[in-house]
Structure formats: C-alpha cells, structure tokens
Amino acid sequence: MKKYQLFVDGDWVDPDGGTWTDTVDPYRGEAWAQIPLGNQNDVTRAVSAARRAMTDGPWSSMSASARGKIMRRLGDLVLANADHLAAVEVRDNGKLLAEVNGQLASLAEVWYYYAGFADKIQGSTIPIEKSDSVAFTYREPIGVVAALTAWNSPLWFAAVKCAPALAAGCTVIVKPSEFASASTLEFAELTRQAGFPAGVFNVVTGLGPDVGSALVEHPDVAKITFTGSDTTGAQVYESAARTMKRVSLELGGKSPNIVFEDADLDKAATGVVSGIFGASGQMCSAGSRLLVHSSIKDAFTEKLVEIARSIRLGDPNDPLTNVGPIATPPQYRKVLDYIDIANAEGARCLLGGKPASGSDLTGGQFIEPTIYTDVTNDMRIAQEEVFGPILSIIEFEDEKHAIALGNDVAYGLVAGVWTENVGRALRMSKALDVGTVWVNTYRTYSYMVPFGGTKQSGLGREHGIEAVDGYLDTKSIVIATDDGAPSNAFVMR
Ligand code: NAD
C-alpha cells in the first residue's frame, strides 16, 4: 500500500507524530494508501518555510515574470500528468473519471490563466489634492496563505486557491480533506518539478481539528481560504478573527433550479437531473430544490422520473456509469438520515429513497437517485444541505412566488432559471439572492467567471480577476516634493 509523506519546504518528510491513516476507495470500500496525520509541529514547520520563502527567500526576490514562468511550467506538467492525477482522485473520492478528466483539462488552464496575472499586478498614481506631494500605491502579496479544502474536488480547489495566491506573490500551505488527500500530495511533486523554490508550496495533511485549526490559529498565516461546510466555515471565521486574518469561505448551498412553463422542457429536465444527480449530488452547487410552475408540474415531474430511472450507478472508472458512490461513510449516513427526515415530514417519494444494491455495487456506498414531491419550502429537506442525490420538488404559481421561494433559504450559492423569455431571465437573475445564476444551463463553471456565495454560502469570490485581489494588500506612499522651505509638519490637519 502506498505510504505518502508531507510536502514541506520543498521536501517529502514524515509527520512529526509518526502516524498515518488509511485512505479508502469508496467504490471498492478498500483502503488503498496511507496519509500522514500531521500535527501542530508540522504546521509550524510549514508556516516557517512559507514565511521564509515569502519574506527573505527566493520567491519575493524573483521577478514577477519569472514567477509566472514557473506557474506556466506547472500547467504543462498538470497536462502531461493529467491521467495519473485523475486516476488518483477517482480512487480517493469516487467521482466519475469522465467528470474528473473534464476538470483536469481545465486545471492546466487555471495555472496558465493566473500565470498571466503575475506580471500585470500594479498600483496606481493618485492625483492628490496637495500640490507639494505625490501619492501612489503598491499592490503587495498579503503573506502566507493557508488553503483548507473539501473532499469532492481537491485538485480543483487547490488550483483555484493557490494559482491566484502564487500569482500575487504569496506562498501557500494546502490542507486537503482527510478523506481525499492523495491527489493534492501527487500534485505537490509537480510543483517541485516545475521549479517552485522550497517553501513556496507546501502540503500538510491530517485532521481538520488538528492541522486545519493549527493553521487558522497560527499568527504568521495572513489568510485562510476555505472550502467546506458552513458549520466548519463559521468556526474557522470565528477563530481567524482572533489574529485578524483575511478569510474567504466557499460553503454549502440549497440551490433552486427554477423551471417556468415557457422553458424548453426537455433541455430543462436534463439540466435538473444532472444538476442534482451528477457527482451523486455531492456538489456545493447541487440543484437540490426544483421549483416548477404549477401548470407543468405533473408533466415535468413525469419526465424527470423517467430520465432519473435510467441513471446507471457503478464503477466511477466505467465510461457508461452516470453516478458513482457516496464518497465517505459519514456522508453516506447523513444522506440516509435525510431520507428518513423527508419521509417523516410527509414528503412523497417518487423514486429511490434507499441504498442501491447490485452485484457491481458491492463494497461501495451507493444511494439510489431519489425524488420527493409534495415538498413545502419549510421542510428540513427543502432548507438543509444534504450533499447527496435527493431532489425536492416544490411548485410555484408565478414569478413573484418563485423568487420568494428561491430566496427563502439560509444559503445563496447558485440558482438555475429555465425560461425562453429574456426579460424574465433578467428579472429573475437580478432578484435571486445568490452568487451565480445559470440561465437555460446548470453547473456551467468557468475559472474566468467569479464564483462564491451570499448569506450562509460564504464570503469572497474565487475564479476570475477578483480572486487575485483577495491575495493582495494595497500600500499607499505619499512623498513630499517641496523644495526644502520650512514645512508645516507641526500643523495638525
Ligand atoms: P468540512 O467542513 O468537513 O471540511 C472542509 C475542510 O476543513 C477539510 O479539509 C477539513 O479537514 C477541514 N476542517 C475540519 N474541521 C476543521 C476545523 N475545526 N478547523 C479547521 N479546518 C477544519 O467539509 P467537507 O465535508 O470536506 O465538504 C463538504 C462541504 O463543502 C459541503 O457543505 C459543501 O457544500 C462544501 N463545498 C463548498 C464548495 C463551494 O465552492 N462553495 C465546493 C465544494 C464543497
């Protein structure tokens, strides 16, 4: 069984405590590798290395173009090693190979895109009102960044956090989820081959309450960029406040997919099904609430059930598989608990509602694609994030009603709107209190388009130009240009 090490200060090292944990293939239910369980000493070592590389090390003295060049080389290495990285990630979290391959194709582009920013970060000159002074700004890296990531797309999260941070001139420590750390560790080797100086990119694996919280509490970490649950996100936010860290949080969702009577219903049905059952619903952007106009509810529901019934569960590496296993044992139990909750609340199960079985599913944690109707928006199944393959159907009467239902949750990550009416699409996009609205499409991500949530879905934006801003501080410089005549320095202004 492969035994991984931590990647600290440009080297592979054993964890300080000398302990490892098994990482399990969720399809076969078998341990396949061992992941180091880091501790506070490992965090201290990584933060010191990252700080050295940042303040008096090679990263800060290197030209911005040279930093960009290393990042482009990393993009090339990601492309060259895409098959291997994808295979490791699928083995670790059970996501479909087809889906991970798609992500890997964009992953290299993420590195190229942000590499291009490295030498284009610049301050401004300010036409200050004082005629005897000039003023300008520098845009400076904020410092050491700790990236805490979730298990559903570890390589993607590491890229969209670290690429803008490194372009800005920061150094980073990644703490992947203890349930899927292997691909991030494999990726670390590529950073070494790309030529990143020691300490610029580090990976410390381990448990959230040990490694994660040690990073959040460390006074030399300037920013926490976090992807995970809202409960952990709130703890991280609170704890980071004690050392006044910058924080960005990508949290959960209870996103509405809103289908109007004038929509292309075949297209909408496919979008709704893949929006909730893709990745077994283990997506922050899962369209877990279908809001459908009352006049088409029955016909549309029939269409959905028909499509969902044909979903093929199975080996995530098989190109014919549509839906893979649930990635972790706690997540599997949580989804089953929500099925009990929905039944107890009086929602009517139209499809699924139980673990899936079959000879090729043995050993894996599979749950049947599940559809509930007669759901009201006040039920827990309509309000709480399940992070699994459960769709709740809720009907609405008109646009106003759809907006009210769409916004009536604690979350505000994304929404889907299906309509052929452009005016309606624009009205809905404005009225929905979410970070992203997809119209006549769903889960159309781009690393160029800002992504993040409102309300309990988080703080800050990733992707696009805005992401780089999140890793920069502005320093203002004001210089007196008078000719040496007595100054008015003692006049209080
Ligand atoms: P999680 O909150 O359990 O863990 C996220 C990360 O935080 C992990 O690395 C974990 O080890 C670490 N952690 C745990 N406890 C910690 C602590 N006390 N201090 C510091 N770090 C700690 O989330 P998860 O189960 O890995 O991921 C699922 C959640 O992630 C879902 O709620 C989902 O919606 C969310 N998510 C959000 C996005 C987004 O972009 N908005 C994307 C994917 C997943």
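Me: In which helix do arginine 192 and glutamate 189 both lie?
Reply: Happy to start there, keeping in mind that this is a predicted model. Arginine 192 forms a salt bridge with glutamate 189, with 3.4 Å between the closest N and O atoms. The two residues are three apart, about one turn of the helix. The helix that holds them both is α7 (residues 182–194).

Me: Is arginine 192 buried, partly exposed or exposed?
Reply: The class follows from the cut-offs, because buried means under 20% relative accessible area and exposed means over 50%. Arginine 192 has a relative accessible area of 36%. Its salt-bridge partner, glutamate 189, has 22% and is partly exposed. Arginine 192, too, is therefore partly exposed.

Me: How many residues apart are aspartate 266 and lysine 303?
Reply: These side chains form a salt bridge, and their closest N and O atoms are 2.7 Å apart. Aspartate 266 sits in helix α10 (residues 265–277) and lysine 303 in helix α11 (residues 297–309), so the pair links distant parts of the chain, with a separation of 37 residues.

Me: Where do lysine 354 and glutamate 368 lie?
Reply: Their side chains meet in a salt bridge, at 3.2 Å from N to O. The pair ties together parts that are 14 residues apart in sequence. Both residues lie in the loop between β15 (348–351) and β16 (370–373).

Me: Which residues are linked in a network of salt bridges?
Reply: Side chains of opposite charge can pair when their charged atoms come close. By the salt-bridge rule, the count comes to 27. The network links Glu261, Asp262, Glu399, Arg424 and Arg427.

Me: How many salt bridges does the rule find across the interface of domain 1 and domain 2?
Reply: The domain assignment gives domain 1 (2–251 + 457–477) and domain 2 (256–439). Their contact takes 18 residues from domain 1 and 29 residues from domain 2. Six residue pairs are in polar contact between the domains. For salt bridges across this interface, the count is zero.

Me: What share of the area buried between domain 1 and domain 2 comes from carbon and sulfur atoms?
Reply: The C-alpha centres of the two domains lie 31 Å apart. The area buried between domain 1 and domain 2 is about 1,900 Å². Carbon and sulfur atoms give 59% of that area.

Me: How many nonpolar residues does the side of domain 1 that touches domain 2 have?
Reply: Helices supply part of this side: α4 (82–93) and α5 (97–115) each give at least two residues. By class, the side has five polar and five charged residues. The number of nonpolar residues is eight.

Me: Which residue has its backbone oxygen 2.7 Å from a polar atom of the side chain of threonine 205?
Reply: Threonine 205 is found in the loop between β10 (201–203) and α8 (208–217). This residue is buried, because its relative accessible area is 0%, and it touches residues including Leu6, Ile35, Leu185 and Val211. The backbone oxygen in question belongs to proline 36.

Technical notes. Residues numbered from 1 in each chain as written. Predicted model: local features only at pLDDT ≥ 70, side-chain atom pairs only at ≥ 80, totals over all residues. Heavy atoms only, no water. Domains from an automatic or database assignment. Contact = heavy atoms within 4.5 Å. Buried area = accessible area lost by both parts, 1.4 Å probe. Salt bridge = Lys/Arg side-chain N within 4 Å of Asp/Glu carboxyl O. Polar contact = N/O pair within 3.5 Å; in protein donor to acceptor, adjacent residues only side chain to side chain. Helix = DSSP H or I, 4+ residues; strand = E, 2+ residues; numbered from the N terminus. Nonpolar A, V, L, I, M, F, W, Y, C, P; charged D, E, K, R; others polar. Buried < 20%, exposed > 50% of the residue type's maximum accessible area, 1.4 Å probe, protein only. Lists of a residue's contacts leave out its neighbours within four places in sequence.
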